[in-house]
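Here are my notes after a first pass through the model, in the order I looked at things. Have it open while you read.

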Amino acid sequence: MNARLAQAPGAMVLTDVDGWDANRSATLAAMRAGAAVIVNGRLPDVGPRTGAPDVLVRIGIGYVPVDVKNHGTRSEAKTRSATASTLDAPAALRQVGGLSDAGTHRESDGIQLAHYTRMLQDLGLHAGDDHLVGGIIGNSDFTPEGGDPWLIRWYGLTDPVKDTYSASASTGRAKRSLLERYDHEFAFRLKVAREAADGRELVRPFRVDECGACVWASCCREVAGPEDASFAIEKGLPTAQQWRHLYDKHGITTLADLAALEPGVCVEWGSRDTQPGARAVGKLETLVRRARMTMAGVDFEPLGAWPQIPSADVEVDFDIEWDLDGRIYMWGLRVRDGQDDATAVFAPVVSYVPLDDDGAVELAREFAAVIDRIATDAESAGKSLQIYHWTNPERSRTSKYPEVHKALEGRTFDLEAWFRKAFLTRRGTSIKVVAPLFGFRWSVDDAGGLQSQVEIERARSADPAEAAAGRAWLHRYNQSDVAAQAAIRDGLRAARIGD
């Protein structure tokens with residue numbers, strides 16, 4: 001992405017080769033010289049704030065921040081439009097029809113952009129109050145909208161878009177902008193830090209979703225203690241406001257307290273939720289149920305009556321792997337007769353040669369042809385066929401290939417979506433969480449999508465030994481991914497029999 005951004009007129013690409021301080025000085029010099037685009041710069045610390053926006057774009061008298069993310073930014077809406085710009089002319093913001101400026105990551109991205117904005121303002125280098133915006137370059141394809149395939153998606157930081165808890169509002173909720181959210185949260189964190197520096201505790205540590213990426217999480221867990229309710233719950237965590245409500249108003253601090261709670265007594269719970277109403281009530285009931293499962297040592301249980309486990313005469317487990325450019329290089333397939341795992345054959349459609357767009361299309365067509373042959377053979381034998389996958393990328397990332405879409409249509413089954421509706425687990429529905437509940441183990445270390453993107457680069461190495469090692473890892477990894485799906489179905493059948 002740096003190389004692509006470097007092509008923008010007036011762009012300056014900086015590095016840390018001489019250290020962070022040297023880059024910081026170079027960034028300030030570039031900004032004061034009026035560079036149109038600064039890539040990989042470092043801002044100097046401003047009081048308690050520190051940060052390094054991936055890109056700084058000059059608009060008018062100053063700069064606005066842009067960050068590069070490995071997630072999508074595309075959200076379609078036929079009657080709406082969103083603000084965007086191209087990488088060749090990042091400061092030329094325009095409205096693009098058919099897109100919405102909503103999105104799964106808007107809040108977290110926006111808070112980070114607000115942080116950089118306040119830093120630029122404090123430095124006297126921001127573009128001004130008429131340009132309180134921040135941009136995100138994601139991995140969505142905007143070729144139809146004039147991207148290549150990327151566009152910078154711009155978000156208004158002063159737009160009141162987030163409905164949050166408000167102690168002063170009559171409804172208990174109020175809409176706030178990303179900058180308002182950031183200012184409130186940052187000020188509160190400063191207050192907590194200052195109290196702690198003076199040896200006082202303003203708030204007791206509790207676990208929220210953001211803790212997963214925090215280096216201090218283990219310290220907070222130790223301070224909270226082994227009986228703490230929040231650190232015992234691993235999925236479906238409440239908001240910070242909701243934990244404080246439970247702790248301060250209801251005196252619930254331990255897992256045992258939470259397990260004993262009658263959800264109906266928390267009448268103010270819903271207004272503190274990001275989705276108030278019936279969904280908030282349901283989340284509290286699930287939270288208490290997970291606490292009771294944890295107390296009892298139960299890993300998963302049916303949400304209602306035990307469901308019929310999906311099955312077919314011919315069962316195909318399907319999983320894809322894609323590289324850093326988003327091109328699918330492995331279409332993993334594991335085929336078996338009914339529920340007889342001894343008949344399972346792993347036969348991926350794969351290419352370890354670097355793919356261009358045409359190569360990716362040809363590989364997709366080869367996969368579609370394999371699926372059609374399997375389906376034809378099953379139909380000729382009078383057998384039912386089901387193609388299982390875990391979550392939606394196997395459909396969402398492959399639907400752009402017409403032959404694949406046609407081959408899969410009406411034959412696929414999202415096993416994770418079914419499992420999520422039928423069962424509750426203590427730790428969520430990631431396949432890496434669910435399959436081990438039934439004794440399944442991956443045959444490689446560090447199994448995961450991020451590691452697979454490292455391994456595909458190794459598999460394409462010019463060093464034969466390195467390439468062989470990378471290909472072997474990827475083969476075993478994908479084979480485990482598809483085998484895990486069958487292991488979950490078989491494990492559920494066994495658990496039902498023993499129920």
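1. Start with N478, whose side chain makes a polar contact of 3.1 Å with the side chain of E321. A second polar contact, of 3.0 Å, links the side chains of N478 and D319. By polar contact I mean a pair of N or O atoms within 3.5 Å; within protein, one must be able to donate a hydrogen and the other to accept it, and residues adjacent in sequence count only if both atoms are side-chain atoms.

2. Before going on, the ground rules. This is a predicted model, so local features need pLDDT of at least 70 and side-chain atom pairs count only at pLDDT 80 or more, while totals for chains, interfaces and linings use all residues. Residues are numbered from 1 along each chain as its sequence is written, and side-chain values use heavy atoms, with hydrogens and water left out.

3. Where does N478 sit? It belongs to helix 16 (residues 464–497); helices (H or I, at least four residues) and strands (E, at least two) are DSSP runs, numbered from the N terminus. N478 is buried, at 0% relative accessible area (buried is under 20%, exposed over 50%, partly exposed in between, with a 1.4 Å probe and protein chains only). Leaving aside residues up to four places away in sequence, N478 touches D319, E321, M330, G332 and F346 (contact is heavy atoms within 4.5 Å).

4. On to charges: the whole structure has 35 salt bridges, each a side-chain nitrogen of Lys or Arg within 4 Å of a carboxyl oxygen of Asp or Glu. One of them joins R118 and D183, with the closest N and O atoms 2.5 Å apart. R118 is in helix 3 (residues 106–123) and D183 in helix 4 (residues 178–197), so the pair ties together parts 65 residues apart in sequence. R118 is buried at 19% relative accessibility, whereas D183 is partly exposed at 28%.

5. R336 and D341 also form a salt bridge, at 2.7 Å between the closest N and O atoms. R336 is buried at 1%, and D341 is partly exposed at 33%. Both belong to a salt-bridge network that links E315, D317, R334, R336, D341, R489, D490 and R493.

6. Last, have a look at strand 3 (residues 55–59): four of its five residues are buried, so the strand is largely enclosed by the rest of the structure. V37 stands opposite V57, and V55 has V66 as its bridge partner.

Definitions and conventions
Two strands pair if DSSP finds at least two bridges between them.
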